[in-house]
6 protein chains.
Amino acid sequence: MTQPSEVLTHFDAQGQAHMVDVGDKTATRRIAVATGRIEMLRATLALIASGTAKKGDVLGIARIAGIQGAKKTSDLIPLCHPIGLTRVAVEFEVLHEHNAVTCTATAETVGQTGVEMEALTAVQVALLTIYDMCKAVDRGMTINGVTLLEKHGGKSGSFVAAKPFSGQVF
Amino acid sequence: MTQPSEVLTHFDAQGQAHMVDVGDKTATRRIAVATGRIEMLRATLALIASGTAKKGDVLGIARIAGIQGAKKTSDLIPLCHPIGLTRVAVEFEVLHEHNAVTCTATAETVGQTGVEMEALTAVQVALLTIYDMCKAVDRGMTINGVTLLEKHGGKSGSFVAAKPFSGQVF
Amino acid sequence: MTQPSEVLTHFDAQGQAHMVDVGDKTATRRIAVATGRIEMLRATLALIASGTAKKGDVLGIARIAGIQGAKKTSDLIPLCHPIGLTRVAVEFEVLHEHNAVTCTATAETVGQTGVEMEALTAVQVALLTIYDMCKAVDRGMTINGVTLLEKHGGKSGSFVAAKPFSGQVF
Amino acid sequence: MTQPSEVLTHFDAQGQAHMVDVGDKTATRRIAVATGRIEMLRATLALIASGTAKKGDVLGIARIAGIQGAKKTSDLIPLCHPIGLTRVAVEFEVLHEHNAVTCTATAETVGQTGVEMEALTAVQVALLTIYDMCKAVDRGMTINGVTLLEKHGGKSGSFVAAKPFSGQVF
Amino acid sequence: MTQPSEVLTHFDAQGQAHMVDVGDKTATRRIAVATGRIEMLRATLALIASGTAKKGDVLGIARIAGIQGAKKTSDLIPLCHPIGLTRVAVEFEVLHEHNAVTCTATAETVGQTGVEMEALTAVQVALLTIYDMCKAVDRGMTINGVTLLEKHGGKSGSFVAAKPFSGQVF
Amino acid sequence: MTQPSEVLTHFDAQGQAHMVDVGDKTATRRIAVATGRIEMLRATLALIASGTAKKGDVLGIARIAGIQGAKKTSDLIPLCHPIGLTRVAVEFEVLHEHNAVTCTATAETVGQTGVEMEALTAVQVALLTIYDMCKAVDRGMTINGVTLLEKHGGKSGSFVAAKPFSGQVF
């Protein structure tokens, strides 16, 4: 049977975890875009949507948390390489018809390894921050559809999700 | 209309974000349990399931990452209080029929504020670590159903999710 | 002559630095308030003041940075004790007549040591963040008057600055 | 009226904060020098000045804290890029006639973005550390004149403060 | 045969790692003392010993690094509980006859779990810092004899090493 | 007499600590290998050796901790440059005849400074983690022989320890 260590690069030939050698890779420009959403009660979404003008700006705070989260990726994910990000952007969309907020994060670097995990981490931390700020009124919020939308650059080339926002029911 | 600052405790009367005053709360034993799952290709799940005996142990590494992630919660979530955790446990279940791995995390403290965010952060970081370790063979993995299962302790009392694992299609 | 180690508690009898023993101190409620300001060009202040409604919200981002900075105090200041903060609040005042923004931070804990450094660190990080966000248009901004306004709780009792905002020219 | 998002690069066209894209910038050698001072009671300064020979070495400890603080800049300032510093130096001058200690920090990198924030953060953390170590005898110490002295390298070229140490009363 | 999970508390009954539940433990005063040494060339030790009066103060810097290292213990050791240290002290002894510097670290807390790891981490980081600062002249330095000298407090009571400094050849 | 600041590069001409300027150094591929061991009771080693199949996997957890520790080196060692690691690997060998586990760590980068400290830090954190996980049954464990085995790359060229594993009694 196929062993994990044969195909999962984070394991060596003996099956031991290691931080993969990327020293021979070319430093190229790399970009990754990830997404996810948090679903909630209608009243909770209304509260978020009404938070404007610096008052109760849930999404503004979640955006900052997501950007900072991207910078902590190699500290959170054991086998991630520490890298120098050249750009991070986090956007939200309020979907009233679905009682949800979607988050899309873009990460870029010029380096020897990809930034998928940085984009995904930004999404996760941004959505967790929304949860934190609204949990006093809605403990049942659920995070769904966190996935990679696309990546470009590097030896493995481009990836674009077959169905953008796959897994989303809306 | 109701303003976020009227009901969202992370904002003061002027709508400015702050770390809520918990100095008057009683230090009580608190516990929170959160869950979530990552869905993947059948072949990817087979690789994870075959990782045994220290060889290619994806879930063992994700468990450690989740536990360490719980300890970083107040560093990741801007308005979370720094707290001393007295217990963190992370468990996985491989669901072959659904091509998914579920993660359940439990966090406990004896303190003045709850540990929901710590449990949720553990789940998020554990699932992200699984993504990281398997992404070389499956970039379409998707994280779904991250939510709070239950919490106990503190002034707001107990919460138990109406439908455990709500949002899960399995 | 008086030696530092005779009066500066961060040194032992041999003059060696140490993290002071607070194990015998009573855990009491402690609060500290610190302030500081950043002075800038008139045009820069106008930009900050016009940043509203989630667009260009410099102060909203600086507030979050200050709160998070308070949580990193024991990581930044070598001999500070790690403590569990029960409250952090950061406020700004735009002083058009002085081309300045003042920042006031409040930190609280229930513990064995004071929170002056946490309040001061929040001020410093918040003001640095304003500098960072505006430096593209104004590299000459200057931070002045960073000081402790008051502290309460603990064996050494209360301190209130003789002249609130001492050192301020306005 | 001019909007912040038109001229402040940390905001995009919609006024949302982001970590600016520096991927197209050339990696060049960059240097920044920042300064600041802490003012105190005469007796406090005498204590600092007498701290020699490893005994009560306040400034030696503050220097280390400043250097380490520079390395934490992107962790503290939300929209700062993580960068690899190639040099950090922190110097102090005891000004007996002004009852003050000045701190000057130099940061260097070879990269796509400047190091002004790293130099400023080193100054702030070094001065905060002096405050921490002397606060037992002087709670009224005040930090003033924290500003950028000069920067070189990068597309925006050189900046040299019009009046070095502007804002200092001495 | 005895399984690790039967006696190693960091594993649950299924052999899975977890952060042990200490919520039922009494918060008591706890202390731990650890030691270790770094052996080097005679000329290297002479350099360290001559570093006085703020000039080339290798041991002063290593002391600060050790104290700060103690505060990072729960961030470094996966299953350690985050705790609030009430005291950390790091001492060095220059042993000319053995071409070595010994480091002894003491950590204290009032809490539900012991501080052995904090004391050991302080020793390790302090000795690594000495290595770092002297490696330009002596790459063969070796760290030996890192061990726990004693611990007190908590349910498991006191431990005192049978032979203090066991393993040391001097 | 020779002063530390004449030969120890971490001090400037005045004997003040600084982060050495490496801006003029060429970015080359650099590698370092470090080792160390932890000695324990025979019964403790048997427990570690029997930890297989995801149950009680002490060494698997210590490996992850060591890899993550390497990434924290510049945060732990005051004058270390922050660098981007391109590879980290941590291996263990169980030496039944010596009641010891040896740890060997390899770190690599493409940069302007070496990675000796990263390799040594990985060893130290991995061995500390073994201590943590086994301390409930064996408080007398001792870490010995932590040293650099070899380094390559950079201006100072290669170093290979005269006697690999020098200091080891076995």
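**View 1. Strands E1(F) and E3(F) pair in the antiparallel sense.** In this predicted model, 12 bridges hold strand E1 (residues 28-39) of chain F against E3(F). One facing pair is Thr35(F) and Thr104(F), the latter in E3(F). Strand E3 itself spans residues 100-111 of chain F and is mostly covered, with 10 of its 12 residues buried.

**View 2. Strands E2(F) and E3(F) form a hairpin.** Strand E2 (residues 85-95) of chain F runs antiparallel to E3(F), and 10 bridges join the two. Leu95(F) stands opposite Ala100(F), a residue of E3(F). There are 4 residues between the two strands of the hairpin. In the turn, Asn99(F) has a positive phi of about 50°.

**View 3. Glu108(E) is buried and makes polar contacts with two arginine side chains.** Glu108(E) belongs to strand E3 (residues 100-111) of chain E. Its relative accessible area is 6%, under the 20% limit, so Glu108(E) counts as buried. The side chain of Glu108(E) makes a polar contact of 2.9 Å with the side chain of Arg87(E). A polar contact of 3.2 Å links the side chain of Glu108(E) with that of Arg29(E). Apart from neighbours within four places in sequence, the residues in contact with Glu108(E) include Arg30(E), Ile31(E), Leu85(E), Thr86(E) and Val115(E). Asp21(C), from chain C, is also in contact with Glu108(E).

**View 4. Residues annotated as "binding site" in chain A.** An unreviewed UniProt entry gives this annotation to Leu79(A), Cys80(A), His81(A), Met117(A) and Glu118(A). These residues are spread over 40 residues of sequence but cluster in space, the largest C-alpha distance being 12.7 Å. Two of the annotated residues, His81(A) and Met117(A), are shown in the next two views.

**View 5. His81(A) is buried in a loop of chain A.** The loop lies between helix H4 (73-76) and strand E2 (85-95). The relative accessible area of His81(A) is 8%, so with a limit of 20% the residue is classed as buried. The His81(A) side chain reaches the backbone oxygen of Val20(A) at 2.6 Å. Leaving aside neighbours within four places in sequence, contacts of His81(A) in chain A include Met19(A), Val22(A), Ser74(A), Thr113(A) and Glu118(A). From chain F, Leu85(F) and Thr86(F) are in contact with His81(A).

**View 6. Met117(A) is buried and touches residues of chain B.** Met117(A) sits in helix H5 (residues 116-134) of chain A. Its relative accessibility is 2%. Not counting residues up to four places away in sequence, Met117(A) touches Thr73(A) and Cys80(A) in chain A. In chain B, Met117(A) touches Leu128(B), Tyr131(B), Asp132(B) and Lys135(B).

**View 7. Chains C and D meet in a contact with 60 residues from each chain.** The two chains bury about 5,100 Å² between them, with 65% of it on carbon and sulfur atoms. On the chain D side, Leu76(D), Leu128(D) and Arg139(D) lose the most area to chain C, together 12% of what that side buries. The copies meet through the same surface, because 100% of the interface residues of chain D are also interface residues in chain C.

**View 8. Chain D can be laid on chain C by a turn of 180°.** The RMSD is 0.0 Å and the shift along the axis is 0.0 Å, which means that the relation is that of a two-fold axis. Asn144(D) is the residue of chain D that comes closest to the rotation axis, its C-alpha being at 2.0 Å.

Definitions and conventions: Residues are numbered from 1 along each chain as its sequence is written. Chains are lettered from A and ligands numbered from 1 in the order in which they are written. This is a predicted model: local features need pLDDT of at least 70, side-chain atom pairs count only at pLDDT 80 or more; totals for chains, interfaces and linings use all residues. Side-chain values use heavy atoms; hydrogens and water are left out. Copies are superposed by least squares on the C-alpha atoms of residues with pLDDT of at least 70 in both. Contact means heavy atoms within 4.5 Å. UniProt positions are given in the numbering used here, feature names are shortened, and annotations may be inferred rather than shown by experiment. Buried means under 20% relative accessible area, exposed over 50%, partly exposed in between (1.4 Å probe, protein chains only). A polar contact is a pair of N or O atoms within 3.5 Å; within protein, one must be able to donate a hydrogen and the other to accept it, and residues adjacent in sequence count only if both atoms are side-chain atoms. Two strands pair if DSSP finds at least two bridges between them. Buried area is the accessible area (1.4 Å probe) that two parts lose on being put together, summed over both.
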